[in-house]
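Open the model in your viewer and keep the selection panel at hand. The stops below follow one another, each with something to select.

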Amino acid sequence: MSGNITFTMIKPDAVKNNFIGPILKQINENGFRIKAIKMTHFTRERAEAFYGIHAGKFFFDGLVEFMSSGPIVAAILEKENAIDSYRDLIGNTNPEKAAEGTIRKLFAESFTANAVHGADSDENAIREGSFFFSEMEQF
Ligand code: CDP
Ligand code: MG
């Protein structure tokens, strides 16, 4: 059981493919409340900092390149058991393995361009949310 906050991003592939609306609809229909939201664009440096936890992994450079390739939508979401509940909604990291009806199954292009990010722990959700939003931008 996790806390009631998670952090998500709609990634550049899904923004480019006009899936902001359909993804936010899934988020709302699954009982998440939007506490904060903005459309923005990672510089390469900011993407490297955000994904610092993956620095050195084989997919890191490609991930940073992709995440800074176009605009994203960042959001803080609230729901009971938010981390686990949202990871269930988005599905497996690899969209080919994601269950039917999950956001990644519905909207992802590939393993890297997999439509959405979802925080993996309470601690990371707070850290990631603070990366994008000041206290005054969270409601
Ligand atoms: O996003 P998630 O927490 O499901 O996966 P992760 O292991 O934290 O990896 C972060 C992101 O790196 C993934 O969402 C993919 O976009 C990318 N990735 C990749 O391109 N190739 C891999 N083998 C693993 C991850
Ligand atoms: Mg992760």
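Select asparagine 81, found in the loop between strand 3 and helix 5 (82–90); helices (H or I, at least four residues) and strands (E, at least two) are DSSP runs, numbered from the N terminus. Asparagine 81 is not a glycine, yet its phi is positive, about 55°. This is a predicted model, in which local features need pLDDT of at least 70, side-chain atom pairs count only at pLDDT 80 or more, and totals for chains, interfaces and linings use all residues. Residues are numbered from 1 along each chain as its sequence is written, chains are lettered from A and ligands numbered from 1 in the order in which they are written, and side-chain values use heavy atoms, with hydrogens and water left out.

Next, go to alanine 115, in the loop between helix 6 (103–107) and strand 4 (116–118). Alanine 115 also has a positive phi, near 75°.

Now select glutamate 78 and arginine 33. They form a salt bridge, with the closest N and O atoms 2.8 Å apart; the term means a side-chain nitrogen of Lys or Arg within 4 Å of a carboxyl oxygen of Asp or Glu. Because glutamate 78 lies in strand 3 (residues 72–78) and arginine 33 in strand 2 (residues 33–40), the pair ties together parts that are 45 residues apart in sequence. The structure holds seven salt bridges.

Then select ligand 1. Which residues surround ligand 1? They are Lys11, His54, Phe58, Phe59, Leu63, Arg87, Thr93, Arg104, Phe111, Thr112 and Asn114, where a residue counts as near if one of its heavy atoms lies within 4 Å. This shell divides into four nonpolar, four polar and three charged residues.

- Threonine 112: a side-chain N or O atom is 2.6 Å from an oxygen atom of ligand 1.
- Arginine 87: a polar side-chain atom lies 2.8 Å from an oxygen atom of ligand 1.
- Histidine 54: a side-chain N or O atom is 3.1 Å from an oxygen atom of ligand 1.

Taken alone, ligand 1 exposes 500 Å², and the protein buries 84% of that (Shrake-Rupley method, 1.4 Å probe).

Technical notes:
A polar contact is a pair of N or O atoms within 3.5 Å; within protein, one must be able to donate a hydrogen and the other to accept it, and residues adjacent in sequence count only if both atoms are side-chain atoms. Ala, Val, Leu, Ile, Met, Phe, Trp, Tyr, Cys and Pro count as nonpolar, Asp, Glu, Lys and Arg as charged, and the others, Gly among them, as polar.
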